[in-house]
Amino acid sequence: VGLTFSYHDGTAALRGIDLEIAAGEFALLLGPNGSGKTTLLHHLNRLLSPTAGQVFFKGRPLASLPEREVFSRIGLVFQDPNDQIFAATVAEDVAFGPRNLGLPPAMVEARVARALKEVGIEGIRHKSVHYLSFGQKRRAAIAGVLAMEPEVLLLDEATAGLDPRGNEELMELLARLNRSGLAVVMATHDVDLVMPYASRVFVLD
């Protein structure tokens with residue numbers, strides 16, 4: 001509500017943003033470069049704090065929630081998966097979040113197996129992340145977020161760097177996750193590809 005944000009150099013990135021995203025929705029954030037899409041996404045899981053205004057999650061100010069609750073319930077997939085993947089193997093990377101929640105090993109493994117299956121890369125769980133294709137890295141990054149069992153999945157230009165087939169497969173994956181009840185909020189330039197999947201569109205000017 002009234003979300004406003006300026007960077008340290010004085011750049012005004014967001015001015016009075018008012019929007020509401022419902023549970024289970026598939027929402028798109030559209031707009032030209034520099035319109036604030038990434039900045040807005042980073043406010044939705046508290047990577048950035050607003051200069052003015054507030055973000056609410058289920059009626060509660062996001063700023064008042066414990067950090068652990070924010071990052072487990074609202075997952076963010078960065079534009080470049082190389083910024084998100086750092087462990088030696090795919091399975092170890094996907095396990096990082098659940099382990100940090102302090103879950104018992106059996107529960108961590110169950111979450112890892114489920115997340116890898118959801119994104120279709122269970123067959124490469126022991127592969128070094130350095131030898132993954134870009135598309136596999138994207139799926140591994142999404143799996144790492146899904147292993148936290150979030151209620152909201154935020155994605156920044158998730159189709160960037162993928163070939164047409166990879167894009168279609170990714171959108172079908174996101175649509176399937178959304179049908180299972182996961183809210184999806186996606187910042188994108190690829191209007192023609194993603195528009196058929198959206199329940200609502202927000203345009204930033």
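A crossing of two helices is left-handed if the near helix is turned anticlockwise from the far one by less than a right angle, and right-handed if clockwise.

The model is predicted, so local features need pLDDT of at least 70 and side-chain atom pairs count only at pLDDT 80 or more, while totals for chains, interfaces and linings use all residues. Residues are numbered from 1 along each chain as its sequence is written, and side-chain values use heavy atoms, with hydrogens and water left out.

**Exercise 1. Helix H3 and its neighbours**

Find which residues of helix H3 are buried and which helices they pack against.

Solution. 
- Start with the element: helices (H or I, at least four residues) and strands (E, at least two) are DSSP runs, numbered from the N terminus. H3 covers residues 90-100.
- Next, apply the burial cut-offs: buried means under 20% relative accessible area, exposed over 50%, and partly exposed in between, with a 1.4 Å probe and protein chains only. In H3, the buried residues are Val90, Ala91, Asp93, Val94, Ala95, Gly97 and Pro98.
- Then look for partners, where contact means heavy atoms within 4.5 Å. The buried residues of H3 pack against helix H4 (105-119) and helix H5 (134-146).

**Exercise 2. How H3 crosses H4**

Describe the crossing of H3 and H4 by angle, distance and hand.

Solution. 
- Two packed helices are described by the angle between their axes and the distance between the axes. Axes are lines fitted to C-alpha atoms, for helices over the stretch in contact, and angles run from 0 to 180 degrees between N-to-C directions.
- The axes of H3 and H4 cross at roughly 125° and come within 9 Å. That makes H3 oblique to H4, since angles under 35 degrees count as roughly parallel, over 145 as roughly antiparallel, 65 to 115 as roughly perpendicular and the rest as oblique.
- The hand of this H3 and H4 crossing is right-handed.
- On the H3 side the contact is made by Val90, Ala91, Val94, Ala95, Pro98 and Arg99, and on the H4 side by Val108, Arg111, Val112, Ala115 and Leu116.
- To sort residues by class, count Ala, Val, Leu, Ile, Met, Phe, Trp, Tyr, Cys and Pro as nonpolar, Asp, Glu, Lys and Arg as charged, and the others, Gly among them, as polar. The contact of H3 with H4 then has nine nonpolar, no polar and two charged residues.

**Exercise 3. The two partners of H5**

Work out how H5 packs with H4 and with H6.

Solution. 
- Take H4 first: H4 and H5 pack with their axes 9 Å apart, at an angle of about 140°. The two helices are therefore oblique to each other, and H4 passes H5 in a right-handed crossing.
- Ala115, Leu116, Glu118 and Val119 of H4 make this contact with Arg139, Ile142, Ala143 and Leu146 of H5. These residues divide into six nonpolar, no polar and two charged.
- Now turn to helix H6 (residues 164-179): its axis and that of H5 come within 12 Å and cross at roughly 10°. That makes H5 roughly parallel to H6, and H5 passes H6 in a right-handed crossing.
- Here Arg138, Arg139, Ile142 and Leu146 in H5 meet Glu169, Leu170, Leu173 and Leu177 in H6. By class, the contact of H5 with H6 has five nonpolar, no polar and three charged residues.
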